[in-house]
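This briefing concerns a predicted model. Please consult the sequence and structure shown here before reading the points that follow.

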Amino acid sequence: MANLPDDVITNILLQLPVKSLVRFRCVCRSWKSLISGSSFVRSYLDRSFRYGENVLLKYTINGSSGLGVWPPSRHEFSSVDPSILPASDRFQLNGSCNGVICLTTFSRIDPNPNPNAAKIYLWNPSINELRVVPESHFRVSNLVGFGCDPSSGRLHDFKVVNFKTQLNFKEILFLPSPTEVEIYSLRTNTWKQIGRIFPSGFPKHLGRQALFREFICWCSYAYIGNLKMWTLVLFDLINEVFHEKATPESILCIEQYVTTLEGCLSILAYNCSYEYEVWIMKEFGDAESWTKLYTIDIPEKLARYTPLGFAGRDEVVFAKIHKLQRGNDRTLLASYNMRSKAFEGSHLRVDSFSSCCMVSYVESLVSVVLGNAAPTQPLSRLSGNGYRSIARKNGPKDQSK
């Protein structure tokens with residue numbers, strides 16, 4: 001390939017998997033410079049978004065956390081080996097952006113774990129770079145947001161949002177209420193407190209996040225009397241302020257979940273007729289542009305279906321929760337095919353819905369140690385890309401039968 005033009009070499013390399021590119025950086029200095037260059041990294045990421053977007057699933061089985069890449073177009077489940085994390089920890093998946101995922105770890109050895117010992121990690125599974133985020137001013141909560149500030153033009157200008165939370169007696173059955181907020185910037189490698197930016201009348205019960213453009217989005221609710229009122233809470237990663245957006249007024253629902261679909265912000269709303277309504281906001285920021293796409297009928301009224309997210313355009317993944325005797329639950333993963341309008345079961349049994357999380361994910365060469373930030377500890381690297389493929393049908397068997 002030495003006699004080929006540079007643009008031809010670049011186009012050939014862009015077709016290869018990250019695992020090969022990591023090895024090819026050792027071929028010669030010019031290839032290392034090319035593959036590590038910002039232009040190539042951006043081009044590879046753009047190509048991944050066009051052709052290779054997958055779904056990353058975090059689950060817990062028998063108390064042990066796991067990660068899996070679920071390609072929407074193939075009937076197999078590829079597990080991602082998180083062995084670069086401390087072996088004694090269980091972890092929570094907070095979000096994914098530009099091929100980098102944000103994880104929070106909690107000790108599972110100590111029966112009374114110290115919440116101040118929790119750590120936040122930024123990890124690119126494709127190139128196996130791991131970064132430990134410096135200790136925050138607040139203790140690490142179970143409400144951690146993650147995204148990238150696109151205004152700088154840097155693909156690695158990641159920010160982590162940590163909430164200082166508190167519970168009172170009336171809220172003990174719900175998610176904690178955020179009171180203060182701090183922001184970590186990878187570019188400066190520092191935390192910054194931005195104070196009590198949640199107004200007193202702001203909706204406080206935040207669910208799971210969805211990343212849309214430069215906004216981290218949560219579906220939130222607040223009670224007005226006995227009425228449960230829903231809204232969208234958005235954190236602007238550029239200006240570091242919160243916004244509130246209305247959800248469709250015509251939705252009369254029990255629960256709402258925010259996600260993305262077809263390049264739009266989307267809501268899955270569970271109504272009183274045991275159905276999920278799928279809505280998208282066609283024009284972001286315009287409450288009048290909310291459009292209902294279709295309705296998913298839940299076939300079994302004795303089982304609770306809770307959505308984890310979309311796996312491609314035509315598939316919604318649910319946690320199917322069966323209520324058993326003696327208060328025990330059995331939770332399996334199930335997917336709904338929007339073309340056939342039918343549910344497909346899975347042999348993957350998980351501990352609970354709350355132990356699962358799904359985010360969009362792409363392979364990338366984006367580093368977590370570029371810019372002015374220096375690693376807080378030596379990087380951990382694995383040989384290869386840390387993936388091992390297993391057929392879905394070989395997942396953990398349903399032991400309740």
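The side chain of Arg187 meets that of Asp157 in a salt bridge, with N and O 3.3 Å apart. The predicted model holds seven salt bridges, and those described below are grouped by partner.

**The Arg187–Asp157 pair**

- Arg187 sits in the loop between strand S10 (177–185) and strand S11 (190–195), while Asp157 sits in the loop between strand S8 (144–148) and strand S9 (158–166).
- The two residues are 30 residues apart, and the pair links distant parts of the chain.

**Salt bridges of Glu240**

- Glu240 forms a salt bridge with Lys159, and the closest N and O atoms of this pair are 2.9 Å apart.
- Glu240 belongs to the loop between strand S14 (227–236) and strand S15 (241–246), and Lys159 belongs to strand S9; they are 81 residues apart, so this pair too links distant parts of the chain.
- Glu240 and Lys159 are both buried.
- A salt bridge also joins Glu240 to Lys192, with 2.7 Å between the closest N and O atoms.
- Glu240 counts as buried because its relative accessibility of 15% is under 20%, whereas Lys192, at 42%, is partly exposed.
- Through shared partners, salt bridges join Asp149, Lys159, Lys192 and Glu240 into one network.

**Packing of helices H1 and H4**

- Helix H1 (residues 6–14) packs with helix H4 (residues 38–51) at an angle of about 45°, and their axes are 10 Å apart.
- This angle makes H1 oblique to H4, and H1 passes H4 in a right-handed crossing.
- H1 contributes Thr10, Leu13 and Leu14 to the contact, and H4 contributes Phe40, Ser43, Tyr44 and Arg47.
- Among the residues of this contact, four are nonpolar, two are polar and one is charged.

- Trp70 is placed in strand S2 (residues 64–70).
- With a relative accessible area of 3%, Trp70 is buried, because this value is under 20%.
- Trp70 and Leu56 are 14 residues apart in sequence, and their C-alpha atoms are 6.1 Å apart in space.

Definitions and conventions
Residues are numbered from 1 along each chain as its sequence is written. This is a predicted model: local features need pLDDT of at least 70, side-chain atom pairs count only at pLDDT 80 or more; totals for chains, interfaces and linings use all residues. Side-chain values use heavy atoms; hydrogens and water are left out. Helices (H or I, at least four residues) and strands (E, at least two) are DSSP runs, numbered from the N terminus. Buried means under 20% relative accessible area, exposed over 50%, partly exposed in between (1.4 Å probe, protein chains only). Axes are lines fitted to C-alpha atoms, for helices over the stretch in contact, and angles run from 0 to 180 degrees between N-to-C directions. Angles under 35 degrees count as roughly parallel, over 145 as roughly antiparallel, 65 to 115 as roughly perpendicular and the rest as oblique. A crossing is left-handed if the near helix is turned anticlockwise from the far one by less than a right angle, and right-handed if clockwise. Contact means heavy atoms within 4.5 Å. Ala, Val, Leu, Ile, Met, Phe, Trp, Tyr, Cys and Pro count as nonpolar, Asp, Glu, Lys and Arg as charged, and the others, Gly among them, as polar. A salt bridge is a side-chain nitrogen of Lys or Arg within 4 Å of a carboxyl oxygen of Asp or Glu.
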